[in-house]
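Hi there,

Here is the structure I promised to pass on to you. Have a look at it first, and then read on for my notes.

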Amino acid sequence: MGTFLRAVADGVLEGGVYGLMAVGLTLIFGVLDIINIAQGIMVILGMAIQFLFIRPLRGRERTSMSLLACYAVAIIIEGVLYQRFGSNYVSYTTYWNSPRATLDIGGYYLPYIYLAGFALAVLLVVAIYWTLYRTQFGRSIRATMQDHTAARLVGIDVNRVAALTFGIGVAVTAVGGMVFGTLNAFNPNTGYDLISRLLAIVILGGLGSIGGALGASVLVITLASLVDVYWNPEWSTVVFYGAMVLVLVFRPQGLFGRKEARAQ
């Protein structure tokens, strides 16, 4: 039972870290219908990239074209990072990932960074919900989510909303990325494996569902942690894609999504 509780605790806390990154990704999709596969490699460039590469896309093929645009951006940034930092894996050595930075609970040591990451995830999700449902800007975001044309007709600057939302989404993901980078070794290519897991989480939670992204992250990371402990670590990654396939087959709107209102 002790092993089970430890696996669940690790899964829940690490799920919060993934949830931070997934929330930013699903926020961008909810407003822009953009699947930003370059999300794992961006930070402060978010708004500039939206203005230069995403905004010019028009028409019914906008979502599929955005995949190509974001992929091109990811390749360019990856090349710059390879040129500047090389291909070797690097890791942080700080107090936050040292054995001292742990909380002892009955002989089980919880890393402070996990606790901080989970607290940040909850805090940012609450902040995003408050922004969406208690501010004028949030109402503009929800209107844009539901119907771009109608939002324009009532005087909403859709381009401005899109740019700010893209920047916020990338920033939220960057916070999760910093926590992830503190816990894991990484190189310029790490973003691809990470974004594939995040896309599976976003689909599992429901495309455009903020709370669903966090809930799905905690659920799937906990399941992966249990598989890692009780079966085989090499199979833990399969949990992401197995869960995604099952959801696409039996509940395409996601576990927490709605057929009639993707943005809720």
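Which residues make the nonpolar surface patch of about 390 Å²? The patch is formed by F4, L5, V229 and Y230. Please keep in mind that this is a predicted model. Two helices each give two or more residues to the patch, namely α1 (2–32) and α9 (210–230). F4 belongs to helix α1.

The other part I wanted to show you is the packing around helix α7, which spans residues 158–183.

Let's start with its partner α4 (residues 112–134): the two axes come within 11 Å of each other and cross at roughly 175 degrees. Since an angle over 145 degrees counts as roughly antiparallel, α4 is therefore roughly antiparallel to α7. On the α4 side, the contact is made by I113, Y114, G117, L120, L124 and I128, while α7 brings V172, V175, V179, T182 and L183. Sorted by class, this contact of α4 with α7 holds nine nonpolar and two polar residues, with no charged ones.

Then there is helix α5 (residues 136–146), whose axis lies 10 Å from that of α7, at an angle of about 100 degrees. Angles from 65 to 115 degrees count as roughly perpendicular, so α5 is roughly perpendicular to α7. Here α5 contributes F137, S140, I141 and T144, and they meet V158, V161, L164, T165 and I168 of α7. In the contact of α5 with α7, six residues are nonpolar, three are polar and none is charged.

Note on methods:
Residues numbered from 1 in each chain as written. Predicted model: local features only at pLDDT ≥ 70, side-chain atom pairs only at ≥ 80, totals over all residues. Heavy atoms only, no water. Axes fitted to C-alpha atoms, helices over the stretch in contact; angles between N-to-C directions. Helix = DSSP H or I, 4+ residues; strand = E, 2+ residues; numbered from the N terminus. Parallel < 35°, antiparallel > 145°, perpendicular 65-115°, else oblique. Contact = heavy atoms within 4.5 Å. Nonpolar A, V, L, I, M, F, W, Y, C, P; charged D, E, K, R; others polar. Patch = residues over 30% accessible without salt bridge, like charges linked within 9 Å, V, L, I, M, F, W, Y side chains within 5 Å. Areas by Shrake-Rupley, 256 points an atom, 1.4 Å probe, with all protein chains shown as cover. Salt bridge = Lys/Arg side-chain N within 4 Å of Asp/Glu carboxyl O.
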